[in-house]
Amino acid sequence: AGNLDNTCRKNTACRKRVIEALIAKLDDENPKVKMTVKRSLSILTAQRLGDNKEEWQVWWGKNKEQFK
């Protein structure tokens, strides 16, 4: 997330696509990937839901529309 280019950083639709892609990667078997995904999601969303994909999916389902 720290490496998002400025175009995506200022573009809500782009950030939403990134968040969805990150949530999809939460079931990656590589612990380094999981850690990076968890950290990126926390930075992008200000949420601390760990690496539980189901919790993120529920949160995203409730918050996607109003997310900016």
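Before you start clicking, one cut-off: contact here means heavy atoms within 4.5 Å. You are looking at a predicted model, where local features need pLDDT of at least 70, side-chain atom pairs count only at pLDDT 80 or more, and totals for chains, interfaces and linings use all residues. Residues are numbered from 1 along each chain as its sequence is written, and side-chain values use heavy atoms, with hydrogens and water left out.

**The whole chain**

Start in cartoon view. The protein chain has 4 helices and 0 strands, so called from DSSP runs numbered from the N terminus (helices are H or I with at least four residues, strands E with at least two). Reading from the N terminus, that gives α-α-α-α. Of the 68 residues, 28% count as buried (buried is under 20% relative accessible area, exposed over 50%, partly exposed in between, with a 1.4 Å probe and protein chains only). Among contacts with a separation of 6 or more, 45% join residues 24 or more positions apart.

**H2 against H4**

Select residues 12-24 for helix H2 and 53-63 for helix H4. Their axes are 9 Å apart and the packing angle is about 155°; axes are lines fitted to C-alpha atoms, for helices over the stretch in contact, and angles run from 0 to 180 degrees between N-to-C directions. That angle makes H2 roughly antiparallel to H4. On this scale, angles under 35 degrees are roughly parallel, over 145 roughly antiparallel, 65 to 115 roughly perpendicular, and the rest oblique.

The crossing of H2 and H4 is left-handed, a label used if the near helix is turned anticlockwise from the far one by less than a right angle (clockwise would be right-handed). Show side chains for Lys-16, Ile-19, Glu-20, Ile-23 and Ala-24 on H2, then Lys-53, Trp-56, Gln-57 and Trp-60 on H4: these make the contact. By class, the contact of H2 with H4 has 5 nonpolar, 1 polar and 3 charged residues. The classes count Ala, Val, Leu, Ile, Met, Phe, Trp, Tyr, Cys and Pro as nonpolar, Asp, Glu, Lys and Arg as charged, and the others, Gly among them, as polar.

**H2 against H3**

Keep H2 and bring in helix H3, residues 31-45. H2 and H3 pack at about 150°, with axes 10 Å apart, which makes this pair roughly antiparallel too. The crossing of H2 and H3 is left-handed. On the H2 side, pick Arg-15, Val-18, Ile-19, Leu-22 and Ile-23; on the H3 side, Val-37, Ser-40, Leu-41, Leu-44 and Thr-45. The contact of H2 with H3 splits into 7 nonpolar, 2 polar and 1 charged.

**The core**

Now select Ile-19, Leu-22, Ile-23, Leu-26, Val-37, Leu-41, Leu-44, Trp-56, Trp-59, Trp-60 and Phe-67, the 11 residues of the largest nonpolar core. Such a core is a set of buried Ala, Val, Leu, Ile, Met, Phe, Trp, Tyr and Cys residues joined through side-chain atoms within 4.5 Å. H2, H3 and H4 each supply at least two of its residues. In soluble globular proteins, nonpolar side chains tend to be buried together.

Center on Leu-41. Beyond four places in sequence, Leu-41 touches Ile-19, Leu-22, Ile-23, Leu-26, Ala-46 and Trp-56.

Draw a C-alpha distance from Arg-15 to Thr-45: 9.7 Å, across 30 residues of sequence.

Then hop to Ser-42 in H3, buried at 11%. Past four places in sequence, Ser-42 touches Gln-47, Arg-48 and Trp-56.

**Loop and tail**

In the loop between H3 and H4, click Ala-46. Ala-46 has a positive phi of about 65° although it is not a glycine, and it is exposed at 60%. Leu-49 is in that loop as well, in contact with Glu-55, Trp-56 and Trp-59, neighbours within four places aside.

Finish at Lys-68, in the segment after H4 and exposed at 73%. Lys-68 touches Thr-12 and Arg-15, not counting residues up to four places away, and its C-alpha is 8.6 Å from that of Asn-11, 57 residues away in sequence.
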